[in-house]
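Thank you all for coming.

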Amino acid sequence: KMVRASVRAMRYTIDAALKAHNKVDVIVEIGNHDLSSTIFLMECLACVYENEPRVTVDTSPMHYHYLRFGKCLVGVHHGHGTKMANLPLVMAADRPQEWGDTEDRYWYTGHIHVSKVQPATSAQDYSGCVVESFRILAPNDAWSHQKGYRSHRDMKAIMLHKEFGEVA
């Protein structure tokens with residue numbers, strides 16, 4: 001049931017994005033609880049959309065993914081294993097050319113299941129990059145409830161402009 005729901009939700013989201021955009025890049029980020037199921041999901045989506053030239057599914061098993069959009073560089077990471085404060089340096093090390101060519105850089109993470117934004121207010125920690133963590137979308141499971149986690153659920157849409165970065 002979970003697999004079917006995941007595939008259907010992703011297909012719904014991708015198909016909706018195709019109605020509004022000429023190109024859709026899909027990243028299924030690998031988390032700390034779903035290492036193998038994530039690989040299956042990304043491969044499934046790659047097969048479903050293999051004949052749709054406007055959809056690109058990133059099937060890389062890497063734990064750090066990047067998208068370049070004009071003057072914006074976006075990094076996506078589940079958020080486990082690397083502290084938020086270290087992500088700008090990871091991006092600069094992994095993508096030095098793109099780091100130098102862009103003006104607006106963002107990291108989007110999950111894992112901690114709370115909304116948290118770390119703007120580039122400290123040159124020592126976040127110079128040149130905004131790191132943001134998002135709340136959880138799924139409802140609490142029995143384990144999370146038993147541990148006392150009570151995160152609010154939501155989903156966000158972030159609009160980036162090729163020239164001006166985040167605009168909505």
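What you see is a predicted model, in which local features need pLDDT of at least 70 and side-chain atom pairs count only at pLDDT 80 or more, while totals for chains, interfaces and linings use all residues. Residues are numbered from 1 along each chain as its sequence is written, and side-chain values use heavy atoms, with hydrogens and water left out.

With that cut-off, Trp-107 is buried, at a relative accessible area of 0%, whereas Tyr-64 is partly exposed, at 25%. Rings of Phe, Tyr and Trp (its six-membered ring) pair if their centres lie within 6.5 Å, and planes under 30 degrees apart count as stacked, over 60 as edge-to-face and the rest as tilted. A search of the whole structure on those terms finds four aromatic pairs. In one of them, the rings of Tyr-64 and Trp-107 have centres 6.1 Å apart and planes at 80°, so the pair is edge-to-face. It links distant parts of the chain, since Tyr-64 sits in the loop between strand 2 (55-58) and strand 3 (65-69) and Trp-107 in strand 5 (residues 104-109), 43 residues apart; strands here are DSSP runs (E, at least two residues) and helices likewise (H or I, at least four), numbered from the N terminus. Together with Tyr-66, these two residues, Tyr-64 and Trp-107, form one aromatic cluster.

Now to His-77, which lies in the loop between strand 4 (72-76) and helix 3 (87-94) and counts as buried at 2% relative accessibility. Taking contact as heavy atoms within 4.5 Å, and not counting residues up to four places away in sequence, His-77 touches several residues, among them Glu-29, Tyr-64 and Trp-107.

Which residues of helix 1 meet helix 2? They are Ser-6, Val-7, Met-10, Arg-11 and Ile-14, and on the side of helix 2 the partners are Leu-41, Cys-44, Leu-45 and Val-48.

Note on methods:
Buried means under 20% relative accessible area, exposed over 50%, partly exposed in between (1.4 Å probe, protein chains only).
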